[in-house]
Amino acid sequence: MTRPRSTLVSLADTPYYHCVGRCVRRAFLCGDDPVSGKNFDHRKEHIRERLAWLTDTFAIDICAYALMSNHYHLVLRIDAARAQAWTDRAVIERWRNLYTGPAFLTDYLSQKPLDPTEQARLLELVPIWRHRLADLSWFMRCLNEHIARRANAEDGCTGRFWEGRFKSQALLDEAALLVVMTYVDLNPVRAGLAASIEESAFTSGQQRLLAVAKPDRPADSPKPRLLPFAEAIRGNEDAGLPFNLQDYLDLLDTS
């Protein structure tokens, strides 16, 4: 029996969650389809671009990701305190990145006066949007719905693209976080699609490794903003992953 997502996500216990989305009927709708002979690898790039957009909009960080042929893995951290620190204007601008919203938002952002009814409505909406911008379900909804619509338009069809609602698992301590991040980054290696992290395309492991090996290399396409490791955030180590980057890369290589 399914349970409401609100009962599975508790920020009082942990801000870290492992999420999985799978294509309908486990078909290879994001990779090389052996039945039709078509290749859909470009959709992985679409997903990664969308993740880059969402991490710039939501108060949610990506710790690890792996985009496979028929499913994806995300390890996410929800930063509710960041959303609470945003000004009302920042919340509105971020929400407008996702949805148009009421017409009077244009006047508000242009610093034009609102009538009392519009002002009252705005006071009702901003707290709702602030909450949604730090909500796991809304983040995943804005990811999956966008990709499904784009893929269906490309295929000239309608119907489900994803098997169902995404699955999520709370990571309650640092050990669980480290194990799942390693599991996610090594997904292509374990599946026999890559021989090493360097060859594991569309993973956070490869993205972090390239950032270390070639820090000045220009990005060929938008990449998700990855949550940095603690040693990279001087003065606020609690805001990063509680590990050392080099130790983590060594762990991936050894594993």
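## Ser110 and its loop

Ser110 sits in the loop that links α5 (104–109) to α6, where helices (H or I, at least four residues) and strands (E, at least two) are DSSP runs numbered from the N terminus. With a relative accessibility of 43%, Ser110 counts as partly exposed; on this scale buried means under 20% relative accessible area, exposed means over 50%, and partly exposed lies in between (1.4 Å probe, protein chains only). The side chain of Ser110 reaches back to the backbone oxygen of Thr106 at 2.9 Å. This is a polar contact, meaning a pair of N or O atoms within 3.5 Å; within protein, one must be able to donate a hydrogen and the other to accept it, and residues adjacent in sequence count only if both atoms are side-chain atoms. Arg94 is 16 residues from Ser110 along the chain, and their C-alpha atoms are separated by 15 Å.

This is a predicted model, with residues numbered from 1 along each chain as its sequence is written. Local features need pLDDT of at least 70 and side-chain atom pairs count only at pLDDT 80 or more, while totals for chains, interfaces and linings use all residues, and side-chain values use heavy atoms, leaving out hydrogens and water.

## Two residues with positive phi

Gln111 is also found in the loop between α5 and α6. Its phi is near 65°, a positive value in a residue other than glycine. Most residues other than glycine have a negative phi. Gln111 is exposed, with a relative accessible area of 69%.

Phe202 has a positive phi too, near 60°. Phe202 belongs to the loop between α9 (187–190) and α10 (204–213), and at 15% relative accessibility it counts as buried.

## The chain as a whole

Stepping back, the chain has 11 helices and four strands. Its radius of gyration is 20 Å, close to the 18 Å that the globule rule gives for 255 residues, so the chain is as compact as a globular protein of that length. Here the radius is taken over C-alpha atoms, and the rule is 2.2 Å times the number of residues to the power 0.38. Along its principal axes, the C-alpha trace spans about 60 × 50 × 45 Å.

Of the 255 residues, 45% count as buried. Contact means heavy atoms within 4.5 Å. Among the contacts in the chain with a separation of 6 or more, 66% come from residues 24 or more positions apart.

## Helix α2, mostly covered

How many of the 14 residues of α2 are buried? The count is 11, and Arg43, Ile47, Arg50 and Leu54 are among them. These buried residues of α2 pack against β2 (60–67), β3 (71–78), α4 (88–98) and α7. From first C-alpha to last, α2 reaches 20 Å, close to the 20 Å expected at 1.5 Å a residue; the expected span is 1.5 Å times one less than the number of residues.

Arg50, found in helix α2, is buried yet has no salt bridge. The side chain of Arg50 instead reaches the backbone oxygen of Cys142 at 3.1 Å. Leaving aside neighbours within four places in sequence, Arg50 is in contact with Leu98, Cys142, Leu143, His146 and Ile147.

## Salt bridges

Side chains of opposite charge can pair when their charged atoms come close. A salt bridge is a side-chain nitrogen of Lys or Arg within 4 Å of a carboxyl oxygen of Asp or Glu, and by this rule the count comes to 15. In one of them, Arg43 pairs with Glu154, with the closest N and O atoms 3.2 Å apart. Arg43 lies in helix α2 (residues 42–55) and Glu154 in helix α7 (residues 136–155), so the pair ties together parts that are 111 residues apart in sequence. Arg43 is buried at 2% relative accessibility, whereas Glu154 is partly exposed at 41%.

Arg121 and Glu124 meet in another salt bridge, 3.0 Å from N to O. They are three residues apart in helix α6 (residues 116–132), separated by about one helical turn. Arg141 and Glu145 form a salt bridge with the closest N and O atoms 4.0 Å apart, and both lie in helix α7, four residues apart, about one turn of the helix. Elsewhere, salt bridges that share partners join Asp56, Asp61, Arg77, Asp79, Arg82 and Arg225 into one network.

Conventions
Lys, Arg positive; Asp, Glu negative; His and termini not counted.
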